Amino acid sequence: MIKVNENTCIGCGACVAIASENFDFNDAGLSTVISQELTDSTREAVGACPVGAISIEATQEVENTIEEVVETESKIVEFPTASEEEAEEKAA
């Protein structure tokens, strides 16, 4: 989830210039989120904010996906290479 902290935002417009599909100005002249679609330009806008007013928080869906990847990676089994098998056969 993309969020703008309005207490920190100074309305410089960097995010609007970089990711106009995600950000616009509100009536107070501060940045506001208009789309939650996360793109490379969104991430660039987050990094360009001079006061760090923009954050991207993981949603439950993203957290579940991360957990699934970790579980899958922990189940990966390494098989011996051909040279390891040959070494074991010679040792026996």
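Which residues make up the largest nonpolar core? Select I2, V4, C9, C15, V16, A19, F23, L30, A45, C49, A53 and I54, 12 residues in all. A nonpolar core here is a set of buried Ala, Val, Leu, Ile, Met, Phe, Trp, Tyr and Cys residues joined through side-chain atoms within 4.5 Å. Buried means under 20% relative accessible area, exposed over 50%, and partly exposed in between (1.4 Å probe, protein chains only).

Before moving on, note that this is a predicted model, where local features need pLDDT of at least 70, side-chain atom pairs count only at pLDDT 80 or more, and totals for chains, interfaces and linings use all residues. Residues are numbered from 1 along each chain as its sequence is written, and side-chain values use heavy atoms, with hydrogens and water left out.

Helices (H or I, at least four residues) and strands (E, at least two) are DSSP runs, numbered from the N terminus.

Now click on F23. Not counting residues up to four places away in sequence, F23 touches I2, V4, C15, V16, S31, T32, V33, I34, T42, A45 and I54; a contact means heavy atoms within 4.5 Å.

Next stop: N22, in the loop between α1 and β2 (23-25). N22 is buried, at a relative accessible area of 0%. Its side chain reaches the backbone oxygen of S35 at 2.9 Å. Leaving aside neighbours within four places in sequence, N22 also has contacts that include I2, T32, V33 and T42.

Then show helix α2 (residues 40-48). S41, T42 and A45 are buried there. Look down the axis of α2: the buried residues fall within an arc of 105° (taken from the directions from the helix axis to the C-beta atoms), so they line one face of the helix. On the other side, D40 and G47 are exposed. Covering the buried residues are, among others, β1, α1, β2 and β4 (54-56).

Last, look for the salt bridges, 2 by count, each a side-chain nitrogen of Lys or Arg within 4 Å of a carboxyl oxygen of Asp or Glu. One joins D40 and R43 (3.7 Å, N to O); they are 3 residues apart in α2, about one helical turn. The other joins E57 and K3 (3.3 Å, N to O). E57 sits in the loop between β4 and α3 (60-74) and K3 in β1, so the pair ties together parts 54 residues apart in sequence. E57 is partly exposed at 37% relative accessible area, and K3 is partly exposed at 35%.

Methods:
Polar contact = N/O pair within 3.5 Å; in protein donor to acceptor, adjacent residues only side chain to side chain.
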